[in-house]
Amino acid sequence: MASKVSKVTAPRLSPVSLEDITDDPAPDFRRGERYDGVRYSRAAADGLELSGTDFAECEFQGVSFNDTQLRGATFRDCILSELYAPVFRAARSTWRDVQLNNPRLGSAELYETGWQSVRIDGGKLDFLNLRGSKLTDVVISDCIINELDLGSASGTRVALKNCTIGTLDLTGARLKDFDLRGTDFRTISGLGSLAGVVIDDYQLSLLAPLLAGHLGVVVL
């Protein structure tokens, strides 16, 4: 029997390299400002209004953004480690060449966002709302996500590796090279939008009853 040939195009990630950054032990974040080449350690920006703020080549270590308004904000060439926010509000924000290490987020409101060359490594997210977002070259690995909403989102070259997902909603999503192999999930909604998703044999066996129900197939 001929061996299987993979036709999946893997995400293309640009490495994030931060040089010549300065430490700011007591940041004074302001809405709409640009912050460039700064390291923030154990800072708290809880509850601030930071819509439209631009962060470029910044490093965040243990920073709390709980209930901070980051609508329309931009993160470019940034590393965020141990990001903390029971409520993370960043709708319509832009993430480009970003690495998130071990985030701890409750409700992550990231709908209608743009992600390009983004990596999430580890961490736990209760609800990740990416509805209507555009994801290109994204890797999420070793992460626990209770609910992942990708309704009406577009995803190209996206890989979820060794993740645990409770509920995955793909309703109306447009996907290409969306790799779910090696990830555990409890249930998937939006089965009509599975085109472009890559799964393994074990995942197919889990999906079989759901697909049969979706197609109206009676299995006796």
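Predicted model: local features only at pLDDT ≥ 70, side-chain atom pairs only at ≥ 80, totals over all residues.
How much space lies in the largest cavity? Good morning, colleagues. The answer is about 70 Å³.

Let me begin with the cavities. The count of those of 30 Å³ or more comes to two. Around the largest cavity, the lining is made up of Phe 88, Trp 95, Leu 100, Pro 103, Leu 105, Leu 110, Trp 115, Ile 120, Leu 125 and Leu 128. Sorted by class, this lining holds 10 nonpolar residues, with no polar and no charged ones. Three strands, β8 (94–101), β10 (114–121) and β11 (124–129), each contribute at least two residues to that lining.

I turn to the second largest cavity, whose volume is about 40 Å³. Its lining consists of Leu 130, Leu 135, Val 138, Ile 140, Leu 148, Leu 150, Val 158, Leu 160 and Phe 178. Two or more of these lining residues come from each of β12 (134–141) and β14 (154–161). The largest share, three residues, belongs to β12.

Next, the cysteines. How many disulfides does a search of the whole structure find? The search finds zero. Cys 58 takes part in no disulfide, and its nearest cysteine sulfur, that of Cys 78, lies 5.0 Å away. Cys 163 is buried, with a relative accessible area of 1%.

Finally, the backbone. Asp 97 has a phi near 55 degrees, a positive value in a residue other than glycine. Asp 97 sits in strand β8, which is one of the strands supplying the lining of the largest cavity. Is Asp 97 buried or exposed? Asp 97 is buried, at a relative accessible area of 15%.

Asn 162 also has a positive phi, near 55 degrees, and is a residue other than glycine. Asn 162 is placed in the loop between β14 and β15 (164–169). Whereas Asp 97 is buried, Asn 162 is exposed, with a relative accessible area of 52%.

Thank you for your attention.

Conventions. Residues numbered from 1 in each chain as written. Heavy atoms only, no water. 1 Å grid on protein atoms, 1.4 Å probe; cavity = no way out; pocket = protein on both sides within 12 Å on 5 of 7 lines; lining within 4 Å. Points joined across faces, edges and corners; volume = space filled by probe spheres on them. Helix = DSSP H or I, 4+ residues; strand = E, 2+ residues; numbered from the N terminus. Nonpolar A, V, L, I, M, F, W, Y, C, P; charged D, E, K, R; others polar. Disulfide = S-S within 2.5 Å. Buried < 20%, exposed > 50% of the residue type's maximum accessible area, 1.4 Å probe, protein only.
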